[in-house]
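My entries below keep to the order in which I looked things up.

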Amino acid sequence: MAGKVLRRAAKAAAAGFFHYSGVRKAMAAYRRSQSGGRRILIVSYHRVVSDFTGELQRSIPGLLISQETFRRHLEEANAAGYELASIGDAVDVMEGRRTAKKDLFVVTFDDGYRDVYRYAYPVLKQMGVPAITYLPTAFINTDKRFNHDRLFHLLRCVQERKFRPDYDTMPTPSVQLLGPILTGRKTASAALDDFIGEHPTRVLTGIIDSLEQQLGGGADLVPEQGDVMNWDEVRQMARDGFEFGAHTLGHTVLTLEPTEVVEKEIVESKQTIEREVGVQVKDFAYCNGWYSDEMIRVLKQNGFRSGVTTEDLPNRVGGDPFALKRKVMWENFSLGMMGDYSSTLTVCQFDDCFGVLGMSHPVLGHRPHILAPMNTSNVLVEELDAALAKATPVDVVDVTAPVIASAPAVAPGTAGAQVVVAPNVALASEAAQPEELQ
Ligand SMILES: [Zn+2]
């Protein structure tokens with residue numbers, strides 16, 4: 001904890017120095033020339049909330065930003081000289097169809113949380129800032145919650161009740177998720193983040209169903225927060241000019257699915273938005289930020305023009321619009337020395353000062369398709385039992401911890417596959433890098 005505070009202080013101090021000495025502008029100019037003349041910064045948000053402190057007690061921290069900080073981000077980007085642009089503008093500049101007089105700043109939202117409609121939409125509308133929201137269409141007009149939110153909530157229930165799950169009745173890999181949390185080796189956020197990237201949706205739903213059953217069912221096992229927009233809300237935003245992109249049907253990490261599923265999830269999510277909203281859908285967001293050549297092929301074949309990742313790298317003029325880089329934002333992205341909002345740090349982050357210095361190590365999203373089911377040996381279960389016997393019970397989930405963008409382990413059986421994984425250093429994970437639990 002002390003280390004984290006010190007790192008934050010060091011980073012905030014560096015940001016202040018960069019800002020007031022003019023180094024920040026020099027770094028931005030360097031990044032601009034590297035990017036082919038213009039910087040194209042695409043930022044990603046999830047939930048914009050009115051009561052950040054309250055929400056932090058019950059939600060995945062790395063998905064949250066307060067309405068006030070969100071507004072400040074937009075004001076800050078404006079003041080720093082960015083043009084607040086649409087995703088279409090960004091693609092046009094990248095593909096040379098348009099030249100930009102200023103660097104571009106593109107606002108995106110993943111998952112279609114209702115918070116975006118409630119708290120981001122009024123701010124965007126008032127400030128005249130364009131934005132795109134990527135929708136997993138099977139969730140729209142339902143009261144379903146995302147697997148990551150349901151699992152996070154269930155893990156808190158398990159911990160609060162000091163419940164010992166019966167692994168024999170759960171999908172085999174469940175011990176990989178629950179073990180590190182119950183023994184205090186990982187926060188629920190970090191463990192979930194790793195696990196969701198490695199296991200197909202059916203494993204997640206298997207664990208959810210089993211845990212709900214073991215905990216005795218009941219409405220309090222489903223999180224109250226994390227509701228998504230309905231089609232009327234989507235249509236209202238669309239009438240005001242806000243754009244919508246596809247984000248699969250069931251919020252599915254498609255690199256873990258066979259081609260038939262990839263095609264269905266991509267094509268039907270696009271068609272559903274087009275039918276419900278009456279607009280053309282040309283943009284896609286990869287769940288968990290993971291993408292493959294196969295997915296890009298399907299997107300191109302079906303009239304898409306772009307795909308966004310969660311790779312925190314600069315976009316370049318002439319780069320691939322189906323591998324658009326994004327900076328994932330949340331409240332702590334802007335936390336200064338004293339834990340309060342820091343304007344200089346925020347702008348330094350926008351201008352990628354820490355990236356220029358090699359202080360952030362982005363996790364790359366390009367993956368091979370992983371089709372084999374994961375196996376977990378009994379050794380893991382035995383190890384866990386031994387660890388649990390020794391462990392001090394963890395009473396509460398560390399909700400103040402960021403969602404760490406730790407390097408997802410390469411799945412067994414994929415040895416030799418071309419997976420490039422860059423582990424995140426603490427500085428990067430603290431301030432800027434909650435890898436999307438999307
Ligand atoms: Zn998502």
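This is a predicted model: local features need pLDDT of at least 70, side-chain atom pairs count only at pLDDT 80 or more; totals for chains, interfaces and linings use all residues.

I began at Glu257, which touches Pro200, Thr252 and Val262 when residues up to four places away in sequence are not counted; two residues are in contact if their C-beta atoms, placed from the backbone, lie within 7 Å. I noted that Glu257 and Pro200 are 57 residues apart in sequence, while their C-alpha atoms are 7.1 Å apart in space. Glu257 lies in the loop between β7 (243-246) and α12 (259-277), where helices (H or I, at least four residues) and strands (E, at least two) are DSSP runs numbered from the N terminus. Is Glu257 buried or exposed? Glu257 is buried, because 22 other C-beta atoms lie within 10 Å; a residue counts as buried with 20 or more other C-beta atoms within 10 Å of its own, exposed with 12 or fewer, and partly exposed in between, the C-beta atoms being placed from the backbone.

Residues are numbered from 1 along each chain as its sequence is written. The protein has 17 helices and 10 strands, and of its 438 residues 49% count as buried.

I next looked at α12, which has 19 residues and reaches 27 Å from its first C-alpha to its last, close to the 27 Å expected at 1.5 Å a residue (the expected span is 1.5 Å times one less than the number of residues). Val262, Glu265, Ile266, Ser269, Lys270 and Ile273 are buried in α12. Seen down the axis of α12, these buried residues fall within an arc of 110 degrees, so they line one face of the helix; the arc is that of the directions from the helix axis to the C-beta atoms. I found that their cover includes β6 (131-135), β7, β8 (283-285) and α13 (293-301), while the face turned away from the buried side carries the exposed residues Glu260 and Arg275. Just after α12, Gly278 takes a positive phi of about 75 degrees.

The bridge partner of Leu135 is Ala246 in β7.

I then turned to β5 (residues 104-110), where 7 of 7 residues are buried. Leu104, Val106, Thr108 and Asp110 lie on one side of β5, and Phe105, Val107 and Phe109 on the other. Strand β1 (residues 40-45) pairs with β5 in the parallel sense over 6 bridges, and Tyr45 stands opposite Phe109. Strand β4 (residues 83-85) also pairs with β5 in the parallel sense, over 3 bridges, and Glu83 stands opposite Leu104.

Val308, in strand β9 (residues 306-308), is buried, with 29 other C-beta atoms within 10 Å. Leaving aside neighbours within four places in sequence, I listed its contacts as Ile42, Thr108, Ala285, Tyr286, Leu324 and Arg326.

Technical notes:
Two strands pair if DSSP finds at least two bridges between them.
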